[in-house]
There are 4 protein chains.
Amino acid sequence: MKTGIQTVGVFGKYKDSSVRDMLGVLRAHLEKRGVKVLLGDTTAPDIEGPRAEFSRDAETGAPIDLAIVVGGDGTMLHVARSLASDSIPVVGVNLGRLGFLTEIPADQAVADLDRILGGDFKVEHRMMLQVDVRAADDTLHSATAFNDVVVSKGEVARLIEIEAYVNGEFVTRTRADGVIVATPTGSTAYALSAGGPILHPLLPAIVLVPICPHRLSNRPIVLEGSSVIRLEPLNAPPRGAHVSIDGHIEFSLSGPEHIEVRRAEQVVKLVHVPSHDHYEALRYKLGWGA
Amino acid sequence: MKTGIQTVGVFGKYKDSSVRDMLGVLRAHLEKRGVKVLLGDTTAPDIEGPRAEFSRDAETGAPIDLAIVVGGDGTMLHVARSLASDSIPVVGVNLGRLGFLTEIPADQAVADLDRILGGDFKVEHRMMLQVDVRAADDTLHSATAFNDVVVSKGEVARLIEIEAYVNGEFVTRTRADGVIVATPTGSTAYALSAGGPILHPLLPAIVLVPICPHRLSNRPIVLEGSSVIRLEPLNAPPRGAHVSIDGHIEFSLSGPEHIEVRRAEQVVKLVHVPSHDHYEALRYKLGWGA
Amino acid sequence: MKTGIQTVGVFGKYKDSSVRDMLGVLRAHLEKRGVKVLLGDTTAPDIEGPRAEFSRDAETGAPIDLAIVVGGDGTMLHVARSLASDSIPVVGVNLGRLGFLTEIPADQAVADLDRILGGDFKVEHRMMLQVDVRAADDTLHSATAFNDVVVSKGEVARLIEIEAYVNGEFVTRTRADGVIVATPTGSTAYALSAGGPILHPLLPAIVLVPICPHRLSNRPIVLEGSSVIRLEPLNAPPRGAHVSIDGHIEFSLSGPEHIEVRRAEQVVKLVHVPSHDHYEALRYKLGWGA
Amino acid sequence: MKTGIQTVGVFGKYKDSSVRDMLGVLRAHLEKRGVKVLLGDTTAPDIEGPRAEFSRDAETGAPIDLAIVVGGDGTMLHVARSLASDSIPVVGVNLGRLGFLTEIPADQAVADLDRILGGDFKVEHRMMLQVDVRAADDTLHSATAFNDVVVSKGEVARLIEIEAYVNGEFVTRTRADGVIVATPTGSTAYALSAGGPILHPLLPAIVLVPICPHRLSNRPIVLEGSSVIRLEPLNAPPRGAHVSIDGHIEFSLSGPEHIEVRRAEQVVKLVHVPSHDHYEALRYKLGWGA
């Protein structure tokens, strides 16, 4: 089958030698099959050759057809979020430990890539979140989250008080360490540690999880994917509130601001090979036994 | 506005005097407005007049246009499930304590009924579950659940071991007191006590909640509403397994049987008046404070 | 060092061949060292020789000096409880999987026994519970629990309502699947699955854990070891309540009965060899990683 | 009965008018009974008269015989901790909402004080924790905690990795938002929000509660009161770790430091009047219903 995959970007965590070896293997194999290979901008900088700036050929600006991420779920999270705007499919190769997002084991990478080049794969559309930090009518910050948005107390405060609204309707006022808004993909990350449920990756839903709420009945709520969630920290200044996206991008709130979260227009296009088994990853990652 | 509501069935818990008084008030008011009123078969049997056998006029067999339930969520659960096959809208009047399903307070019942007769209401379609107990290719029992299906250990056993499959894919083997499969409506009932999340009532989802699982990482899973869930108790005989539907209908498993759960074709048509606020019910029932 | 161990009872689960082989090895070794070996009454009945009826020589009636249990925590639980009245120290040998109570791995059993015969061990006193089922002033049933006492709903009921009193003071009324009263030893068994904390084995404490309580703020309570706990099922007949001790001994309540639980006078004397590491068992059993 | 209460310190939150009124009432009543009344240093500074610097007469340096705290649990926590070194009994008066530590309602304050002056009270000794932050052999910071010690991630990090040792034995390595070490008194504060159990106030125990642990089986552990707990943050610099005592006193860790926690030598001497009911406070504060 013709899949039209002519240019592939390969991404890995900078300066990890096992990643570097795997990159070499994949590049050699892909080039032998006539595919143009671009390495990510910051991926193994000592390897020479053309580069990809996330979704595009750094030289020509043309979009790539497929991204391969070598490494863990953290790297995958970062790359996938950046590729979403150009709608590039992405597949993850793990180096030893099966990840939720990196499904291909190293020793099957070449065989699975051949399957993908031959058209033997499925593309799963994973929801992302559009996050806007607003004060009155201004949007101060915007970002896209693949896992989650966390609104939490600043460094000094013990608790934060947050009012949550869904589609304009008041839900509850929570005194807690913070509140997590997670996608189905993010439901197995921080939200799970905070007591949230596991969501099936394709469920059109967003989950709201309070972190150590003062009121014990403040439990996780799973909302429709089309919901618009508005979080209003009540005691922001002078004690401060904090917004974090996928555990990395961070904003500090300094005044009467609120955070609006909704389904993003873009999705992450996750490539699955036929042997993919979502529940096997769950069993492995959560230690559910044989 | 013309709503075409010409016949109304009124249902309440047998022999409760406050229910009986409210039934009288509602009947008088409806008849004054020219609506034919039928009392449920077992509702206030000392009141004379025509009767409704759930969704139908007991005499003519014609379906009613609206059912009014006076009482708590338990009565509502029972009546709504029975009305679903004829697709009759139902509305609940509570006598003092706001319920998840009985949203109209007694003192607003007449005014809210006038609104409904005037067409000023919304109908919400709530998911139900189709439950089939199967041995080999035979279906031994079938039932419809509005809240939940619980597969649990029989009386003597300490734990039951259950394998769960979703759309034919193996999910996990759980040693636990049992497993709950709940609708969004049921997510605030038993499933919540067992550690499950709150699902928005319209989320197209089914939640799987283990009851006191031996393995601490066996957490609730929220699945797509279209999922077919198969539960296989592994140690059924001689220790026994038990299936319970909405806390009432019960089956004992005696051999190599399994339970299949999927979204039912019927829905419960819940009537909401304009003042309805789902989150207010959550705040009230869960004590989330002012 | 002289330990005075002259007679040893060896106990194992009936008809398990790996247990049987280990029993043979241990018996041969002990007899070579001049120790009299008695096999448990129901242990490997095809092996000939003198027998022990739990804590005593079945023939002479003299108490044994040490009990060795070969098998899992379940067997250990049963034997240790039965030995407590005669205050016999007990040590567990596991066959492959480290247990909370069976700390000696099979391949170290002979070497560790030599250490014990040489006096190189510690005895840990583990708390047990005295359980009395009472109606008015009569005691209907009495039992001793090493892990826990569970008061739960009978087969048909969905919930049970239980009032708890501690030292005569009212604590709370709980609507739940049931209530667990556990020793520190039992805190890592069923109580843990129901959301209870891990108690250090020597903490003089009793933990009260509600099972799937309707009220989400009904959390586990850790009480002083000297507490007298009184549980009153409110809706016993006709729906029934159920009392279970260590998951085995069972009573059905049929009338206005209550259950009184307090620290038992007897203790389980658990023998530990020097290499014993309680936290290692926790890490292993709970999957806390390397 | 003669209790020897001749000097009383009265403490309240600065500049709260309802506190100020109650202070006036109590002072007038006590002085009428011949008791010398000192106001706390920062308590209602516009009221003239002699002052107490926590446990001592600010002028004479003589210790007071009793401290009365007017306000909430937060004020009580602060004052009680400061009084512990001089072993001064303390009693709390709440202004409307029953607290765990402030048991006397405003409208019974005068009557209950008379009971106390008449000797009709009990003194409960509540455990405190001694907290030492150490680097190699130096103690960098020391403090006393009445509720809890929290070791948590600094502002930027997502997770902290902490190794816990008890009496020199390795317990576990936890990746989490942090770890709480709480007294029985603190078990109903932050530790409860993080999933910890409720400890009876007189239980000689310390509870270790992980905050949102990555590994779902990392559950709260209740240790003997005599335990020495050592927490070693593994990834302190450059991402930082943070130590907080009773939610107020704070230290930032900047290098290879560890935190040692043990039972403090001082206790808080809590005065209870005969009507005191610890479980009533629990029921009220946790919403356990009538």
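This is a predicted model: local features need pLDDT of at least 70, side-chain atom pairs count only at pLDDT 80 or more; totals for chains, interfaces and linings use all residues.

Visitor: Let's start with chain A. At what angle do α1(A) and α3(A) cross?
Guide: Helix α1 (residues 17-32) and helix α3 (residues 109-117) of chain A cross at roughly 40°, and their axes come within 11 Å. Since angles under 35 degrees would count as roughly parallel and 65 to 115 as roughly perpendicular, α1(A) and α3(A) are therefore oblique to each other.

Visitor: Is that crossing left-handed or right-handed?
Guide: Right-handed, as α1(A) passes α3(A).

Visitor: And which residues make the contact?
Guide: From α1(A), the residues are Met22(A), Val25(A), Leu26(A), His29(A) and Leu30(A). On the α3(A) side they are Ala109(A), Val110(A), Leu113(A), Asp114(A) and Leu117(A). By class, this contact of α1(A) with α3(A) divides into 8 nonpolar, 1 polar and 1 charged residues.

Visitor: Now chain C. How far apart are the axes of α1 and α3 there?
Guide: They are 11 Å apart, with helix α1 (residues 17-32) of chain C packing on helix α3 (residues 109-117) of chain C at an angle of about 40°. The pair α1(C) and α3(C) is therefore oblique, and the crossing of α1(C) past α3(C) is right-handed.

Visitor: Who meets whom in that pair?
Guide: Met22(C), Val25(C), Leu26(C), His29(C) and Leu30(C) come from α1(C), and they meet Ala109(C), Val110(C), Leu113(C), Asp114(C) and Leu117(C) from α3(C). The tally for α1(C) with α3(C) is 8 nonpolar, 1 polar and 1 charged.

Visitor: What about α1 and α3 in chain D?
Guide: In chain D, the axes of α1 (residues 17-32) and α3 (residues 109-117) come within 11 Å and cross at roughly 40°. That makes α1(D) oblique to α3(D). The crossing of α1(D) past α3(D) is right-handed.

Visitor: Which residues are involved there?
Guide: Met22(D), Val25(D), Leu26(D), His29(D) and Leu30(D) of α1(D) meet Ala109(D), Val110(D), Leu113(D), Asp114(D) and Leu117(D) of α3(D). This contact of α1(D) with α3(D) has 8 nonpolar, 1 polar and 1 charged residues.

Visitor: Changing topic: where does Glu163(C) sit?
Guide: Glu163(C) is in strand β11 (residues 160-166) of chain C.

Visitor: Buried or exposed, that Glu163(C)?
Guide: Buried, because the relative accessible area of Glu163(C) is 10% and the cut-off for buried is under 20%.

Visitor: What does its side chain pair with?
Guide: There is a polar contact of 2.8 Å between the side chains of Glu163(C) and Arg173(C). Beyond four places in sequence, Glu163(C) also touches other residues, including Phe170(C), Thr172(C), Arg230(C), Leu231(C), Glu232(C) and Leu234(C).

Visitor: You mentioned backbone angles. What is the phi of Asn167(C)?
Guide: Asn167(C) has a positive phi of about 50°, although it is not a glycine. Asn167(C) belongs to the loop between β11 and β12 (169-176) of chain C. With a relative accessible area of 46%, Asn167(C) is partly exposed.

Visitor: And the phi of Ala44(A)?
Guide: Ala44(A) is not a glycine either, and its phi is positive at about 40°. Look for Ala44(A) in the loop between β2 (36-40) and β3 (51-53) of chain A.

Visitor: Is Ala44(A) buried or exposed?
Guide: Ala44(A) counts as buried, at 5% relative accessibility.

Definitions and conventions. Residues are numbered from 1 along each chain as its sequence is written. Chains are lettered from A and ligands numbered from 1 in the order in which they are written. Side-chain values use heavy atoms; hydrogens and water are left out. Helices (H or I, at least four residues) and strands (E, at least two) are DSSP runs, numbered from the N terminus. Buried means under 20% relative accessible area, exposed over 50%, partly exposed in between (1.4 Å probe, protein chains only). A polar contact is a pair of N or O atoms within 3.5 Å; within protein, one must be able to donate a hydrogen and the other to accept it, and residues adjacent in sequence count only if both atoms are side-chain atoms. Contact means heavy atoms within 4.5 Å. Axes are lines fitted to C-alpha atoms, for helices over the stretch in contact, and angles run from 0 to 180 degrees between N-to-C directions. Angles under 35 degrees count as roughly parallel, over 145 as roughly antiparallel, 65 to 115 as roughly perpendicular and the rest as oblique. A crossing is left-handed if the near helix is turned anticlockwise from the far one by less than a right angle, and right-handed if clockwise. Ala, Val, Leu, Ile, Met, Phe, Trp, Tyr, Cys and Pro count as nonpolar, Asp, Glu, Lys and Arg as charged, and the others, Gly among them, as polar.
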